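Subject: Structure for you to look at

Dear colleague,

I am passing on the structure we spoke about, with the sequence alongside. Please open it first and then read the notes that follow.

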Amino acid sequence: MYEAFFKLSKKPFELVPDPEFMYLSRSHKKALTYLDYGIRERAGFILLTGDVGSGKTTLIRNLLNKSYERVTLAKVFNTRVTSEQLLAMINDDFGLTVAGKDKVSLIRDLNDFLLDQYAAGNHPILIIDEAQNLAADLLEEIRMLSNLESSHSKLLQIVLVGQPELRETLAAPELLQLRQRISINCHLKALSREEVAEYIAHRMTVAGNGEALNFPPDTLDLVFQYSRGIPRLVNIICDFLMLSAFAEEVITISPELTHEVLGDLDFEQHFWGGREAVKSVPTGGSALPDTVVSRGQIDAVDEGDSAKLSAAINDVCATLTQLKQDFGTHVVKGDEKLVELSKSVATLGATLERIGLQDSQDRPAESGFVRRLFGATAINGNK
């Protein structure tokens, strides 16, 4: 909608994970380095956690874009399943036949497949996203898959990706053996204030114009304060800021406009349950701990309210499209005089044309703002 106005080739703040827009903060650089090392060294279990919207899926997709030799990959994203369903999804993603197979057959087929891959010199990797939804018994089933091995090495490397609640589940006494098998352990923290500014500039540059919109320091402070440095929330705020700037025909986002947009979105209530925004985080700091890498143990992190945040983000994503569709109506109400003037000009032109006092080429031009926002067709339709 606003790409042409800001001279952009694409929208810079889409919510869909896109490796092309990947911004590597200090935390993300560490995690990517350790994950890359773990895959190349076939380091058993790998654990990646982070709050919802922190960039876990984008990081994994970026990782998979690297050129790994002889990697055979399976990805599981639906984790609210039974153990048999989980096995069926794993086998299916590896390209195995699953129809009519019971659990024993599925395990046997998977073991035969992994042995064939090992003999061919390939490296099978299983990535399980949204792993925080897995109950302890399913995680134990996954650990048992790691027991599939040849006389020399493990046949399957497993990457668990999830929100911080996954660490609470893994801390259960019955999952001690699984915890001991985690070789690479990473946690993504939120962006700092400086990183939020770099993140915004980076995404606009990738979208085609790094100077499309000017964010003064006070505006960036507000974006950081309300987003808490969570990339997905930064995207939601900035997308609506660009939409508002387009409606106002400005290229600088003032703090006043930012407050107005945040108020329209009811941001604090919608995403943080009305809790006061973090104001005490120093510049360059974060409310979340640094990336953690260890062998054979799980380090505690601040779990926060990840589940509530996840539900809030899912809710707003579902209504985001509708909000944008309704935005035209919002602009009409906020700029009623301009629209009425456009209608009057159109009516006058039609009247003059009927009585023969005006040639069609002398007809008054519609407002540039109205034409750009609603299109010439919509304006002519009001005659």
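The crossing of helices H9 and H10 is right-handed, and I begin there, with the caution that this is a predicted model. The helices concerned are H9, residues 217–227, and H10, residues 231–248, which pack at an angle of about 135° with their axes 9 Å apart. At that angle H9 is oblique to H10. On the H9 side the contact is made by Val 223, Tyr 226 and Ser 227, while H10 contributes Leu 233, Val 234, Ile 237, Cys 238 and Leu 241. Sorted by class, the contact of H9 with H10 has 7 nonpolar residues, 1 polar residue and no charged ones.

As for the protein as a whole, its secondary structure comes to 16 helices and 5 strands, and 47% of its 383 residues count as buried. Among contacts with a separation of 6 or more, 77% are accounted for by residues 24 or more positions apart.

The largest nonpolar core has 38 residues, of which Phe 6, Ile 200, Leu 213, Phe 215, Val 223 and Met 242 touch the most other members. Two or more residues of this core come from each of helix H8 (193–206), H9, H10 and helix H11 (255–265), and H10 gives the most, with 11 residues. A second, separate core holds 32 residues, including Leu 47, Val 76, Leu 134 and Leu 166. As general background, nonpolar side chains in soluble globular proteins tend to be buried together.

Which residues does Phe 6 contact, leaving aside its neighbours within four places in sequence? They are Asn 209, Ala 212, Leu 213, Met 242, Ala 245, Phe 246, Val 250 and Ile 251.

Phe 13 is found in the segment before H1 and is buried, with a relative accessible area of 2%. With neighbours within four places in sequence again left aside, Phe 13 is in contact with Ile 200, Arg 203, Met 204, Asn 235, Cys 238, Asp 239 and Met 242.

Not counting residues up to four places away in sequence, Leu 175 touches Ala 136, Leu 139, Glu 140, Thr 169 and Leu 170.

Helix H2 (residues 56–64) has Lys 56, Thr 58, Leu 59, Ile 60, Asn 62 and Leu 63 as its buried residues. What covers these residues includes helix H1 (26–40) together with the strands E1 (45–50), E3 (123–128), E4 (157–162) and E5 (182–188).

There is another helix pair to set beside the one I began with, namely H3 (residues 83–93) and H4 (residues 103–119), whose axes come within 10 Å and cross at roughly 30°. This crossing of H3 and H4 is left-handed. H3 makes the contact through Ser 83, Glu 84, Leu 87, Ala 88, Ile 90 and Asn 91, and H4 through Lys 103, Leu 106, Ile 107, Asp 109 and Leu 110. By class, the contact of H3 with H4 has 6 nonpolar, 2 polar and 3 charged residues.

Finally, two backbone angles may be worth a look when you go through the model. Most residues other than glycine have a negative phi. Lys 7, however, has a positive phi of about 60° although it is not a glycine; Lys 7 has its place in the segment before H1 and is exposed, with a relative accessible area of 65%. Glu 249 also has a positive phi, near 55°, and lies in the loop between H10 and H11, where Glu 249 is partly exposed, with a relative accessible area of 34%.

With best wishes

Methods. Residues are numbered from 1 along each chain as its sequence is written. This is a predicted model: local features need pLDDT of at least 70, side-chain atom pairs count only at pLDDT 80 or more; totals for chains, interfaces and linings use all residues. Side-chain values use heavy atoms; hydrogens and water are left out. Buried means under 20% relative accessible area, exposed over 50%, partly exposed in between (1.4 Å probe, protein chains only). Helices (H or I, at least four residues) and strands (E, at least two) are DSSP runs, numbered from the N terminus. Contact means heavy atoms within 4.5 Å. Axes are lines fitted to C-alpha atoms, for helices over the stretch in contact, and angles run from 0 to 180 degrees between N-to-C directions. Angles under 35 degrees count as roughly parallel, over 145 as roughly antiparallel, 65 to 115 as roughly perpendicular and the rest as oblique. A crossing is left-handed if the near helix is turned anticlockwise from the far one by less than a right angle, and right-handed if clockwise. Ala, Val, Leu, Ile, Met, Phe, Trp, Tyr, Cys and Pro count as nonpolar, Asp, Glu, Lys and Arg as charged, and the others, Gly among them, as polar. A nonpolar core is a set of buried Ala, Val, Leu, Ile, Met, Phe, Trp, Tyr and Cys residues joined through side-chain atoms within 4.5 Å.
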